Amino acid sequence: MKKNMKFKVMLFIILTIIVVCLFFFFNKKEEVNNPESNIDNPSEEQNNEVENKPDEVGTNYLNDIKYTVKVDKEIEDVIVEFLNVYYNSIKELKENDMTYLFKDSTSEQALINQTAVSLLIETRKLKPNDLSLDKAKYDLDFIEVNTNGNAVNVTVLENNYLNFNFMKEIESKIYNIENEFTLEKVDGKYKITKYNKVQDFFVMITDLYSGGGKTKLDQIKQDYLDLINEKLKKDRKDYNDFLNGTGINRKTCDHEYNREEALKQTVWVNKRDPEWMEFDSNCQNFASQVLYSGGIPMDYTGSASQYLQWKGYDYSYNESETASGLVYTWTYVPYFREYALNNTGYGLCATVDENLYYAEAGDVIHVGTTGPTRHALVVIGDYKKDGKTIDILVNSNTVDLENYPISAYSYPYVSLIKVYGWNE
């Protein structure tokens, strides 16, 4: 009897252990498979950390790499990781944390970069066209490396190739974007201590920031977003005027602009026409070449100091009314704008600040941070959907752009200089 009792007790204990084990096994399996389980739903603070990590850790957008100079593989890896996180952010228009790649994640350098990328993303999300990316890839060329104590300074040129979702069939290209890194080793791993990028969204921040930390950076970003929102209201009105065939001040000139010939000169993007002078900042020089190719004659009459001449015969500055030398209306964005606005009589016949949607191949667009005075672009055509123009495509020098939609620019100020021809 006692033996039967002991046997029943032992059997009960064994069965209990089996039931408990099965319960934990199936409960654990349900937690793993259930997206609403506690394991997959961390606290709000944990969620924020997850969202700030790149969605596709390990996604490599690097297409090709050149070494004009040799670079340490560990340094190269940090720079490639930095750019991959950046491209992942702009592809999805979702900000990812890049500060972890800096020596101090709360430093001004880390915060300036993070704010600039955030500004780019938020600006593109405001635009009517879908500026997320269907495809993205980039090339690198390491052109300078030097060591200064514990710091390594690296300059690398970046070319990128982007297919925006609203125009997937067109590849937009940006060439020779200069990236400057300073890196130091921390606990055996390279970290970024300084960074600078020569591109619109980045210089928008660095142009205005002179200190004040995250509070000031957030204010600069918000001020830009408020301004861009205001500009977009005007843009919507301009677009409706364009659809209605209104809202433009046309000019009649003695001679028409040859847009086909002008367009031929716009191919000099990732290279320079050897028939012309070249400058480090070549954007307006490039635009002037395009106008000249379209038949607009150089104008050496009038006062150069009052921006009434427009000539670029050679590198030597010359204000005299002779067919020689150059004046800065040929090469400098604000001065050319003054010439286009004020010239009467002989030479360029154009209007300034026209409705952007009337842009045609060979027209000039000026953009900038505090006014349309920083950079010159040349229109190569428009992009249509369902037979309607929805964006304007541009080429430029320094930064070198090809097939680039004007809506993808972050600069808040955009001004169309509409070229009609020239007068005797």
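These legends walk through several close-up views of the chain.

**Before you start: how to read the views.** This is a predicted model, where local features need pLDDT of at least 70, side-chain atom pairs count only at pLDDT 80 or more, and totals for chains, interfaces and linings use all residues. Residues are numbered from 1 along each chain as its sequence is written, and side-chain values use heavy atoms, leaving out hydrogens and water.

**View 1. The chain as a whole.** Look for 9 helices and 12 strands; these are DSSP runs numbered from the N terminus (helices are H or I, at least four residues; strands are E, at least two). The chain has 424 residues, and 49% of them count as buried (under 20% relative accessible area with a 1.4 Å probe, protein chains only; exposed is over 50%, and partly exposed lies in between). Take the contacts between residues at least 6 apart in sequence: 63% of them join residues at least 24 apart (contact means heavy atoms within 4.5 Å).

View 2. The hairpin has 2 residues between the strands, and Asp 187 takes a positive phi near 50 degrees.

**View 3. Helix 5 against helix 6.** The axes of helix 5 (residues 200-208) and helix 6 (residues 213-244) are 10 Å apart, and the two helices pack at an angle of about 120 degrees (axes are lines fitted to C-alpha atoms over the stretch in contact, and angles run from 0 to 180 degrees between N-to-C directions). The pair is therefore oblique (under 35 degrees counts as roughly parallel, over 145 as roughly antiparallel, 65 to 115 as roughly perpendicular, and the rest as oblique). Helix 5 contributes Met 204, Ile 205 and Leu 208 to the contact, while helix 6 contributes Leu 217, Ile 220 and Tyr 224. Buried residues of helix 5 include Phe 201, Phe 202 and Val 203. Their cover includes helix 3 (73-92), helix 4 (108-126), strand 5 and helix 6.

**View 4. Helix 4 alongside helix 6.** Now follow helix 6 to another partner: its axis and that of helix 4 come within 10 Å and cross at roughly 20 degrees. Helix 4 and helix 6 are therefore roughly parallel to each other. Among the residues making this contact are Leu 111, Thr 115 and Leu 119 of helix 4 and Leu 217, Tyr 224 and Ile 228 of helix 6.

View 5. Is strand 8 (residues 364-368) enclosed or open? All 5 of its 5 residues are buried, so strand 8 is largely enclosed by the rest of the structure. Val 364, His 366 and Gly 368 are buried on one side, and Ile 365 and Val 367 on the other. Strand 8 pairs in the antiparallel sense with strand 9 (residues 375-385) over 4 bridges, and these two strands form a hairpin with 6 residues between them. Strand 8 also pairs with strand 12 (residues 413-423), again antiparallel, over 5 bridges. Ile 365 is a handy landmark: its bridge partner is Leu 377 in strand 9 and Leu 416 in strand 12.

Terms used. Pairing = 2+ DSSP bridges.
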